[in-house]
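Here are some notes to read alongside the structure. Keep the 3D view open and look up each residue as you come to it.

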Amino acid sequence: MAPVMFRDVRKSFGQVEVLHGVTVDIEEGQFVVLVGPSGCGKSTLLRMLAGLEHITSGDILIGDRVVNKLPPKDRDIAMVFQNYALYPHITVAENMGFSLKLKGARRSEIEAKVRPAAEILGLTQLLGRYPRQLSGGQRQRVAMGRAIVRNPQVFLFDEPLSNLDAKLRVSMRTEIKNLHQRLKTTTVYVTHDQIEAMTMADKIVVMHDGIVEQVGVPLELYDRPNNLFVAGFIGSPAMNMVTGKLDPEDRACFVSGDGQRLRVDNPGEAQPGQELVCGIRPEAIRLGGDVGLKVKVVEPTGSETHVIADLDDTEVTCVFRERISAGPGEEIKVTVDPAALHLFDANDGRRLSP
């Protein structure tokens, strides 16, 4: 395993720059997730690390080597794609050992590496099967096994779970995390799914329009997003956004554009008269209080109840542990945790609360 470093990495397609000077450090053995919406540049950055895309400027280092001009086969990396890319005419065992065969490894050496990898991934009983005889999750494990047998310095995953159904994605998420904990290999994982990022990563890199918006551990990004984009992207259901200003006579009171008053424990750099956006996590809204919400939709999930309601003219989502009987059109009274509010500048989106 080895650290990975991006130093002011830029990528242009003709006159269009799609990556605008990305600088990120990935420590040896870390599991780092690049996350962001489609078109943000995360897959392009991964492909540049893999050697599948030309670097316009900047440096990429694996360990102490600048790999900008190294071909993929010399970078000591292994990549797992969204498409499993298995050879249909050869068995699971042959697929897993194919890269070693290309290198001229002896059959006994290939078997000695394929067997332990198959045991790790629960594929031992499937080694004689062909890809067409496997489920989607089993094929993905074979693709992972093909990467493991190479014993690379860095694993690269490009949205590997996006073709799986919801239940299988959850179990494969756990398998990949368990695999990393066993092998301790530096891993760079790309996804647009922030739940995957939150549950799997040691460190998350949030990208948007070719720039890095924030880098940090999952709960740091959730608790203290740097700006409105990160605040709205990280978290499910998404953070509620309410526009307004601080009360000129009481900086500890946020007043929405519709006149709703919310207590704020610490307004930080926010000033009275400044146009603000108040971010409210759905779980920071609790039943009982003096803030009125008009219910639009009630979504019982079993352990929680999700309520979509109007705070005057602003739609908000609430997550309650309690089961409620209110229906559409009815009003419920809630309180908003003053310690859990996030204040952002409405003009540039930067965080103002501490």
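1. Is Asp-202 buried, partly exposed or exposed? With a relative accessibility of 29%, Asp-202 counts as partly exposed. Please keep in mind as you read that this is a predicted model.

2. Now look at the partner of Asp-202. The side chain of Asp-202 meets that of Lys-177 in a salt bridge, at 3.3 Å from N to O. This pair ties together distant parts of the chain, 25 residues apart: Asp-202 belongs to the loop between α7 (194-200) and β9 (203-208), while Lys-177 is in helix α6. Lys-177 has a relative accessible area of 15% and is buried, because buried means under 20%.

3. Glu-175 pairs with Arg-141, and their closest N and O atoms are 3.3 Å apart. Here too the link joins distant parts of the chain, since Glu-175 is in helix α6 (residues 166-183) and Arg-141 is in helix α5 (residues 136-148), 34 residues apart. Glu-175 is partly exposed at 26% relative accessibility, whereas Arg-141 is buried at 13%.

4. Let us step back to the whole protein. There are nine helices and 19 strands, and the C-alpha trace spans about 80 × 45 × 35 Å along its principal axes. Of the 354 residues, 49% count as buried. Among contacts with a separation of 6 or more, 65% are between residues 24 or more positions apart. The count of salt bridges comes to 19, and Asp-8, Arg-10 and Glu-17 are linked in a network of them.

5. Next, trace a sheet. Five strands make up an open sheet with antiparallel pairing, in the order β13-β12-β11-β14-β19. From one strand to the next, the twist averages 40 degrees.

6. Zoom in on one pair from that sheet. Strands β11 (residues 240-247) and β14 (residues 276-280) run antiparallel and are joined by five bridges. As an example to look up, Asn-240 has Ile-280 in β14 as its bridge partner.

7. Arg-351 deserves a careful look. Arg-351 lies in the segment after β19. This residue is buried yet has no salt bridge, and the nearest side chain of opposite charge, Asp-223, is 8.4 Å away. What does the side chain of Arg-351 reach at 3.3 Å? It reaches the backbone oxygen of Pro-225. A polar atom of the Arg-351 side chain also lies 3.0 Å from the backbone oxygen of Ser-353. Beyond four places away in sequence, the residues that Arg-351 touches include Asn-226, His-342 and Phe-344.

8. For contrast, visit Arg-350. The side chain of Arg-350 meets that of Asp-348 in a salt bridge of 3.2 Å, N to O. At 37% relative accessibility, Arg-350 counts as partly exposed.

9. Finish with Val-190, which has its place in strand β8 (residues 186-191). Val-190 is buried, with a relative accessible area of 0%. Leaving out residues up to four places away in sequence, Val-190 touches several others, among them Leu-34, Leu-46, Phe-157 and Pro-160.

Technical notes
Residues numbered from 1 in each chain as written. Predicted model: local features only at pLDDT ≥ 70, side-chain atom pairs only at ≥ 80, totals over all residues. Heavy atoms only, no water. Pairing = 2+ DSSP bridges. Helix = DSSP H or I, 4+ residues; strand = E, 2+ residues; numbered from the N terminus. Axes fitted to C-alpha atoms, helices over the stretch in contact; angles between N-to-C directions. Buried < 20%, exposed > 50% of the residue type's maximum accessible area, 1.4 Å probe, protein only. Contact = heavy atoms within 4.5 Å. Lys, Arg positive; Asp, Glu negative; His and termini not counted. Salt bridge = Lys/Arg side-chain N within 4 Å of Asp/Glu carboxyl O. Polar contact = N/O pair within 3.5 Å; in protein donor to acceptor, adjacent residues only side chain to side chain.
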